Each structure stands twice: as structure tokens, then as C-alpha cells.
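Please look through the sequence and the structure shown here before turning to the notes.

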Amino acid sequence: MSISIALLVNIISNLIMIGVSLITQFVTYPSFIDIDTSRFKAFHKKYSHTMFLIAGPTMIMEAIASFFLLIDSFDNITLLSFFFLILVWIQTFFKIVPIHNKISINPKINLFQRLIQLNLIRTIFWILKFLSLLLIFLF
């Protein structure tokens, strides 16, 4: 069984992002609530920069690999995998990033809780994308 480079890069980058998202879900975002508001802005600025350096390149690599996988083997499962990636990007850039922009100015517990809810949805999308990639790999 041979595996395309696009599929391999897709699986690896997807698994990295699932790991990052799970740590964010169960460790990072819940800890926002416990950080003193006087220190939160500085913490959040550093966190956002560091997360951008980790997640940014990995998400771009995942998107490029997904695009090439779609070109290489256009079928319903590959299309489904690409659809989940689009949902991840929508969730990230139209819902989660705007909340990060708000909390960088005015940190509020209800916004932290909203981040936890939205990230859970994004994590589920990434897991569903991985399952679709697994189907592509197996069949």
C-alpha cells in the first residue's frame, strides 16, 4: 500500500492540530479564568504570539496538503475531509480569533467560556477530518 505525500502531510498536520486543540481545550482556555486580570493582557499577548507560531504554519501546511489531496484523489471522502477543514478555518477566523481580539482588550469570564465552547466544536471538526483521512488511507 502506498501513501501519497499529500495524505501523509495531511494526517501528520491534522494530528498535530488535534493535539494542540485538545491541550487548548482542557488546559489553556480553562486556565484563562484563573489568571489575574492585571496580568492577563500581557499573558494573552505572549500566548497569542506563541500559538500563532505553532498553529499558523501547521494549519497552512494542512490546508496546502488538503488542497493537493483533493486534486490527487477527488472523491466524496476527500471532499468531506476538505469540508471539515473549511469548517475549522471558519470556526477559527470568524468566531475564535474575534473573541481573542476582544479579550486582549477586555478579558471577561463569559468570553473565556465561549472560547471553550467554540474550541470544542473546532476540535470535533478536526477529529472528524482525521477520521475521514483514516478512511482515505484504509480504502
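The notes below cover the overall fold, the surface, the nonpolar cores and the aromatic rings.

The model is predicted: local features need pLDDT of at least 70, side-chain atom pairs count only at pLDDT 80 or more, and totals for chains, interfaces and linings use all residues. Residues are numbered from 1 along each chain as its sequence is written, and side-chain values use heavy atoms, with hydrogens and water left out.

**Overall fold**

- The protein contains four helices and zero strands, in the order α-α-α-α along the sequence; helices (H or I, at least four residues) and strands (E, at least two) are DSSP runs, numbered from the N terminus.
- The C-alpha trace spans about 55 × 25 × 20 Å along its principal axes.
- Of the contacts with a separation of 6 or more, 77% are between residues 24 or more positions apart, where contact means heavy atoms within 4.5 Å.

**Surface and charge**

- Of the 139 residues, 39% are buried (under 20% relative accessible area, with exposed over 50% and partly exposed in between; 1.4 Å probe, protein chains only).
- The protein exposes about 8100 Å², of which carbon and sulfur atoms supply 74%; accessible areas come from the Shrake-Rupley method with a 1.4 Å probe.
- There are 10 positive and 5 negative side chains, and the centres of the two sets lie 15 Å apart; Lys and Arg count as positive and Asp and Glu as negative, without His and the chain ends.

**Nonpolar cores**

- The largest nonpolar core has 12 residues, including Tyr29, Ile35, Tyr47, Ile99 and Leu115; such a core is a set of buried Ala, Val, Leu, Ile, Met, Phe, Trp, Tyr and Cys residues joined through side-chain atoms within 4.5 Å.
- Helices H1 (5-32), H2 (37-72), H3 (76-105) and H4 (109-138) each give two or more residues to this core, and H4 gives the most, with four residues.
- Apart from this core lies another, of 10 residues, among them Met17, Ile18, Val20 and Val88.

**Aromatic rings**

- The count comes to 11 aromatic pairs; rings of Phe, Tyr and Trp (its six-membered ring) pair if their centres lie within 6.5 Å, and planes under 30 degrees apart count as stacked, over 60 as edge-to-face and the rest as tilted.
- Phe40 and Phe112 form a tilted pair, 5.0 Å centre to centre with 40° between the planes.
- This pair links distant parts of the chain, with Phe40 in helix H2 and Phe112 in helix H4, 72 residues apart.
- Both Phe40 and Phe112 are buried.
- Ring pairs also link Tyr29, Phe32, Phe40, Phe43, Tyr47 and Phe112 into a cluster.
- Not counting residues up to four places away in sequence, Phe40 touches Phe32, Ile35, Ile103, Pro107 and Phe112.

Key. The place of a charge is taken as NZ of Lys, CZ of Arg, CG of Asp or CD of Glu.
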